[in-house]
Amino acid sequence: MNKLELKDEELKAHINQLEKDDMAVFVMADGRIRGSLFHATRFVNQLRLQHNLGILETMVLGQASLSAALMIPMMKGEEHVSLRYDCNGPAQGFSVEADSKGTVRGYLFNDHIPVKKALENWDLKPFLGEGTLTVSTLHKGDKEPFTSSVQVNSGNIANDLAWYYKQSEQLSTAFYVSIQMDKQGRVIGAGAMFLQVMPETGGKRGDGGAKSSSSNKDEDDELLSRAEMAFRTCPSLGQWFAEKGNFEDLIYGLFREFKPSIALKRSINYDCPCNENFFLQYIRSLPKDQLDDIKKNGPSPLEVTCRNCGSVYHIDTKTI
């Protein structure tokens with residue numbers, strides 16, 4: 001990927017004062033609940049730069065990419081996940097990918113979303129409408145990805161992903177993504193969080209992995225209710241990180257009654273494996289008549305744009 005550099009000196013100065021972009025993975029409630037918190041201010045600014053996005057487009061692709069990033073801690077082994085959203089709204093949808101190495105990339109189906117009137121809030125439902133959320137998972141050695149879809153119409157990408165997990169994975173999962181912009185429309189803070197309740201089997205009950213008793217089930221219901229209440233009191237993550245907030249204060253403060261423990265921190269990057277040679281080899285594989293036409297009529301150099309990350313490559317036709 002041709003990584004673009006931020007040129008807005010004022011925004012750069014602000015970002016340099018913030019905590020490092022990282023994802024903290026944590027567990028709590030004696031291992032019954034796991035979660036992660038992702039500081040993503042630089043991450044969202046990078047994807048915006050790569051695709052040269054406007055304010056609304058940054059919100060859509062930013063939220064989609066943050067949601068995909070939150071799926072990384074749930075991956076097992078070497079895994080690659082594709083999150084595709086096809087909708088009937090003017091945004092049309094998006095495709096984002098994430099892998100267990102900690103990289104995310106993606107693009108909008110419409111990178112110039114029409115806006116008929118001034119935005120009063122960040123409700124994306126008018127731009128997304130109804131549609132289908134499709135998740136494809138590919139493990140190392142798989143010949144074909146496992147794919148499943150759900151119908152969605154909330155207009156909230158994070159909530160739609162939670163609905164997917166509830167319907168397809170039978171897991172109670174909560175996702176929250178947040179992007180904070182200043183009056184000039186610059187991204188000054190971004191963050192994301194997820195919580196997931198582990199199945200009733202296993203755990204630390206000392207029952208050898210047997211299912212919970214009815215009394216334990218009541219305890220679980222109460223636990224989940226309290227955890228949900230704590231999750232809903234979470235402040236705006238975009239604002240939190242924009243104001244120099246850190247991981248520990250939020251996790252240990254928000255969920256203190258559940259005795260959380262941060263298991264690890266890891267880097268998550270907006271990145272793409274594309275390079276000039278990849279596109280050169282692709283062009284060389286075109287039918288001979290097309291290659292002859294390119295060599296004869298140009299243009300030279302050819303300008304090729306990677307749809308997944310917005311990187312632009314200029315390929316001299318003499319090298320084809």
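1. Confidence. The model is predicted. Its average pLDDT is 91 over the chain, and 94% of the residues reach at least 70. One stretch needs care: across residues 202–213, pLDDT stays under 50. The model still gives that stretch 16 contacts beyond four places in sequence.

2. The five-stranded sheet. This sheet is open, with 5 strands in the order E8-E9-E2-E1-E10 and antiparallel pairing. E8 (173–181) and E10 (261–266) are the edge strands; each has a single partner, so one side of each lacks a neighbour in the sheet. From one strand to the next, the twist averages 15°.

3. Inside that sheet. E2 (residues 33–39) and E9 (residues 187–197) are joined by 7 bridges in the antiparallel sense.

4. Two helices deserve a look here. H2 (residues 41–51) packs on the sheet and touches E2, E8 and E9. The direction of H2 makes about 115° with that of E9. H8 (residues 247–254) also packs on the sheet, with E1 (22–28), E2, E9 and E10 as its contacts. The direction of H8 makes about 150° with that of E10.

5. Asparagine 45 lies in helix H2. Is asparagine 45 buried or exposed? The relative accessible area is 7%, under the 20% cut-off, so asparagine 45 is buried. Leaving aside residues up to four places away in sequence, asparagine 45 touches Leu11, Ile15 and Val187.

6. The whole structure has 11 aromatic pairs. In one of them, the ring centres of phenylalanine 43 and tyrosine 270 are 5.8 Å apart. Their planes stand at 85°, so this pair is edge-to-face. Phenylalanine 43 belongs to helix H2 and tyrosine 270 to strand E11 (residues 269–270), so the pair ties together parts 227 residues apart in sequence. Phenylalanine 43 counts as buried at 3% relative accessibility. Tyrosine 270 does too, at 5%.

7. Aromatic pair from H5 to E8. Tyrosine 165 and phenylalanine 175 have ring centres 5.6 Å apart and planes at 35°, so their pair is tilted. Tyrosine 165 sits in helix H5 (residues 157–169) and phenylalanine 175 in strand E8, 10 residues apart. Both residues are buried. They belong to one aromatic cluster, formed by Tyr164, Tyr165, Phe175 and Phe194.

8. Strand E4. How many of the 7 residues of E4 (residues 93–99) are buried? The count is 7 of 7. In a regular strand, side chains alternate between the two faces of the sheet. In E4, Gly93, Ser95, Glu97 and Asp99 point one way, while Phe94, Val96 and Ala98 point the other way. Both sets are buried, Glu97 and Asp99 included.

9. Partners of E4. On one side of the pairing list is E3 (residues 79–87), joined to E4 by 7 bridges and running antiparallel to it. Tyrosine 85 stands opposite phenylalanine 94 in E4. The E3 and E4 hairpin has 5 residues between its strands, and glutamine 92 in the turn has a positive phi of about 70°. E4 also pairs with E5 (residues 103–108), again antiparallel, over 5 bridges. Valine 96 has glycine 106 in E5 as its bridge partner. The hairpin of E4 and E5 has 3 residues between the strands, with glycine 102 at a positive phi near 100°.

10. E12 pairs with E13 (residues 312–315) in the antiparallel sense over 4 bridges. Leucine 302 has isoleucine 315 in E13 as its bridge partner. Between the strands lie 6 residues, and glycine 310 takes a positive phi near 80° in this hairpin.

11. Cysteines. The structure holds 0 disulfides. Cysteine 274 counts as buried at 7% relative accessibility, and cysteine 309 counts as buried at 0%.

Conventions:
Residues are numbered from 1 along each chain as its sequence is written. Side-chain values use heavy atoms; hydrogens and water are left out. Two strands pair if DSSP finds at least two bridges between them. Axes are lines fitted to C-alpha atoms, for helices over the stretch in contact, and angles run from 0 to 180 degrees between N-to-C directions. Contact means heavy atoms within 4.5 Å. Rings of Phe, Tyr and Trp (its six-membered ring) pair if their centres lie within 6.5 Å; planes under 30 degrees apart count as stacked, over 60 as edge-to-face and the rest as tilted. Buried means under 20% relative accessible area, exposed over 50%, partly exposed in between (1.4 Å probe, protein chains only). pLDDT is the predictor's confidence in each residue, from 0 to 100. A disulfide is a pair of cysteine sulfur atoms within 2.5 Å.
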